[in-house]
Amino acid sequence: MKTSNPVLARLGQAAERERAAGYAPTGPYGQPGYPQQYPGAGYPAAPGYPAAPPTVTPMSLDDVVVKTVMLLGILAASAAAAWVLVPDALVGVAWIGAAVVGLVLGMVISFSRMANPALVITYAVVEGVFVGMVSKAFESLYDGIVLQATTATFGVFFLMAVLYKARVIRATPKFVRGMIAVMVGLFAVMLINLVLALFGVNTGLRDGSPLAIGFSLVCIVVASLSFILSFHEVEEGVRMGLPQRYSWVAAFGILVSLVWLYIEILRLLSYFQGDD
């Protein structure tokens with residue numbers, strides 16, 4: 001089965017290799033959905049006939065939901081621990097360190113061909129430290145802003161889920177290609193802005209100016225629409241019969257979008273409270 005998403009295409013190729021090796025779940029006489037009948041799986045094996053290869057359970061929507069909730073719980077616990085345990089004097093150091101490590105881990109997971117639960121869980125822990133430090137810094141300046149940002153983030157997430165379920169927004173090939181191009185472009189702009197900021201150059205994208213507000217609104221819209229890509233990946237992954245362990249990759253994608261959206265909403269809210 002074809003897909004316009006390059007990550008799903010790569011995972012689909014992995015699934016096809018497993019099917020070719022006899023590892024994908026199939027039914028009696030080859031129908032999908034049931035264990036294939038091999039000698040050695042309740043049937044006598046003929047002399048020289050190979051033993052039955054193991055079957056692999058395909059991923060389901062429930063798998064992705066469970067993994068996503070698990071990762072969110074790990075992230076929340078890590079954020080809370082960092083908030084309590086990291087001294088105020090080290091918030092900046094922990095913030096930057098977690099951001100760099102999280103970026104590296106995120107790229108490794110994104111470009112890896114194999115789903116690695118340990119790596120995804122480690123990413124959730126590191127991102128928890130990052131989110132905890134950012135939240136602590138903003139909350140120290142603007143009381144109540146973390147609760148507002150958290151509520152808005154999950155509100156947007158559930159709204160996008162409803163819109164996708166109702167097919168109000170569809171992940172067409174053109175939409176997928178456009179979103180990937182826009183996200184890559186935004187990432188490049190933010191990276192360049194960060195490098196320039198380290199050298200004391202203010203581009204106006206993150207200083208609370210009208211330009212900064214407009215840029216944050218663009219980021220929030222794109223981050224919100226990125227959920228459509230994640231939901232599409234889950235739907236396609238289930239349809240393609242990817243092995244259950246790939247639910248970790250799908251949950252990772254949702255977690256990345258949630259963290260990005262939360263940070264952008266937090267930043268936008270801070271602009272409107274800057275004069276208080």
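## Salt bridges

A search of the whole structure, which is a predicted model, finds four salt bridges. In one of them the side chains of Asp 88 and Lys 136 meet, with 3.0 Å from N to O. This pair links distant parts of the chain, since Asp 88 belongs to the loop between H2 and helix H3 (91-111) while Lys 136 belongs to helix H4 (residues 117-141), 48 residues apart. Asp 88 counts as exposed at 61% relative accessibility, whereas Lys 136 is buried, with a relative accessible area of 14%.

Another salt bridge joins Arg 206 to Glu 264, the closest N and O atoms being 2.9 Å apart. Here too distant parts of the chain are linked, with Arg 206 in the loop between helix H6 (173-198) and H7, and Glu 264 in helix H8, 58 residues apart. Arg 206 is partly exposed at 23% relative accessibility, and Glu 264 is buried, with a relative accessible area of 2%. A further salt bridge, between Glu 236 and Arg 239, has its closest N and O atoms 2.5 Å apart; both residues lie in helix H7, three residues apart, or about one turn of the helix. Glu 236 counts as buried because its relative accessibility of 10% is under 20%, while Arg 239, at 39%, is partly exposed.

## Overall architecture

The protein chain holds eight helices and zero strands. Of its 276 residues, 41% are buried, and the chain exposes about 14,700 Å², of which carbon and sulfur atoms supply 71%. Among contacts with a separation of 6 or more, 80% are accounted for by residues 24 or more positions apart.

## The second largest pocket

The second largest pocket has a volume of about 490 Å³ and is lined by 19 residues, of which Leu 61, Val 65, Ala 161, Phe 231 and Val 234 lie nearest its centre. The elements that give two or more residues to this lining are helix H2 (61-85), helix H5 (145-165), H7 and helix H8 (247-272). By class, the lining of this pocket comprises 15 nonpolar, one polar and three charged residues.

## Ser 230 in helix H7

Ser 230 is placed in helix H7, which spans residues 210-240. With a relative accessible area of 5%, Ser 230 is buried. When its neighbours within four places in sequence are left aside, Ser 230 is in contact with Gly 253, Ile 254 and Ser 257.

Terms used: Residues numbered from 1 in each chain as written. Predicted model: local features only at pLDDT ≥ 70, side-chain atom pairs only at ≥ 80, totals over all residues. Heavy atoms only, no water. Helix = DSSP H or I, 4+ residues; strand = E, 2+ residues; numbered from the N terminus. Buried < 20%, exposed > 50% of the residue type's maximum accessible area, 1.4 Å probe, protein only. Contact = heavy atoms within 4.5 Å. Areas by Shrake-Rupley, 256 points an atom, 1.4 Å probe, with all protein chains shown as cover. 1 Å grid on protein atoms, 1.4 Å probe; cavity = no way out; pocket = protein on both sides within 12 Å on 5 of 7 lines; lining within 4 Å. Points joined across faces, edges and corners; volume = space filled by probe spheres on them. Nonpolar A, V, L, I, M, F, W, Y, C, P; charged D, E, K, R; others polar.
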